[in-house]
Amino acid sequence: MLSVPTLWIVFVVNFLAMGLLWAYVSRSYPNFQASRYCMAAFAAAAGAVIGMTRQFTDSTVPLVFGGSLIILACCLCLMGIRSFYGRSTDWRTTLLITGLSFAGLSAFLLIRDSSVMRVVIYTIGQSIPTAMTLPLVLSRQDNRPHPGARLAALMATFILVINVVRGGGAVLHFGAGSPFVHFDVFQGLLTLVLVFLSMAWNFGFLLMAIDRLRNEVADLALMDDLTGVANRRQLLRRLDEACEMSQRSGEPFALLVIDLDGFNQINDTHGHAAGDGLLADIAATIH
């Protein structure tokens, strides 16, 4: 039966499962720094546990601290996505969003008690970092397919839509406003949908990591370790593609071959290490 305690339990179990998943990824792949930020699911679980204490007190203060921790977790996920794409991880943005959300939630609890405004602020605090992930996951880093990024972008879009509906429902007084204070079917169902979408969102991030590892393995199979340029297998594949395209379009193509005169003398005189260094430098210059 859907109820306030049930919603809290679902929240805690969901975020603990995601946190354990990313903890395992982080331990298995220490160089994958983005996974450390995604362990912010533990912070969300802690926020849910703090919020659960609301059931044992008349004060709504635990909801302020719990909601702020969940917003912090969203900001940390944004930092993980930025790290994944090689962007700088800005702690100032994270602290600003979390701090302003905490201040707003506190103001509408201590200065003017308004559950509607707390729902709106909580929704905005979650939506800002979620929306900031979209330009990153929708960017095309190369011509390869990225199903994980597409899933993450789709789930983020759905989360934003649900947040708008939830915030709008609170403003227009569709029910009690917050399912974690007084049970309301409308807000409760929206919260369950958000829990599901957040789990699918994390699966999208996990698929992004798998896509990255798969592409790196593919690059190792098609690139020369020393020079970083295409190896023989890749050359033959690209030649086949160029021939097929030339046959379809009727346009000719050219193949440039470069020969390094006297290269054996460098190996004989300065050693193979010097020859390898020269090959790498030439390849980098031409590329």
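User: Which side chain meets that of D90 in a salt bridge?

Analyst: The model is predicted, with local features needing pLDDT of at least 70 and side-chain atom pairs pLDDT 80 or more, while totals for chains, interfaces and linings use all residues. Residues are numbered from 1 along each chain as its sequence is written, and side-chain values use heavy atoms, without hydrogens or water. A salt bridge puts a Lys or Arg side-chain nitrogen within 4 Å of an Asp or Glu carboxyl oxygen. At 3.3 Å from N to O, the partner of D90 is R92.

User: Is R92 buried, partly exposed or exposed?

Analyst: The classes are buried (under 20% relative accessible area), exposed (over 50%) and partly exposed in between, with a 1.4 Å probe and protein chains only. D90 has 26% relative accessibility and so counts as partly exposed. R92, at 68%, counts as exposed.

User: In the salt bridge of D113 and R118, what is the relative accessible area of R118?

Analyst: The side chains of D113 and R118 meet at 2.8 Å, N to O. D113 is exposed, with a relative accessible area of 58%. R118 is buried, and its relative accessible area is 10%.

User: How many salt bridges does the structure hold?

Analyst: D90 pairs with R92, and D113 pairs with R118. E241 pairs with R238. The number of salt bridges in the structure is 3.
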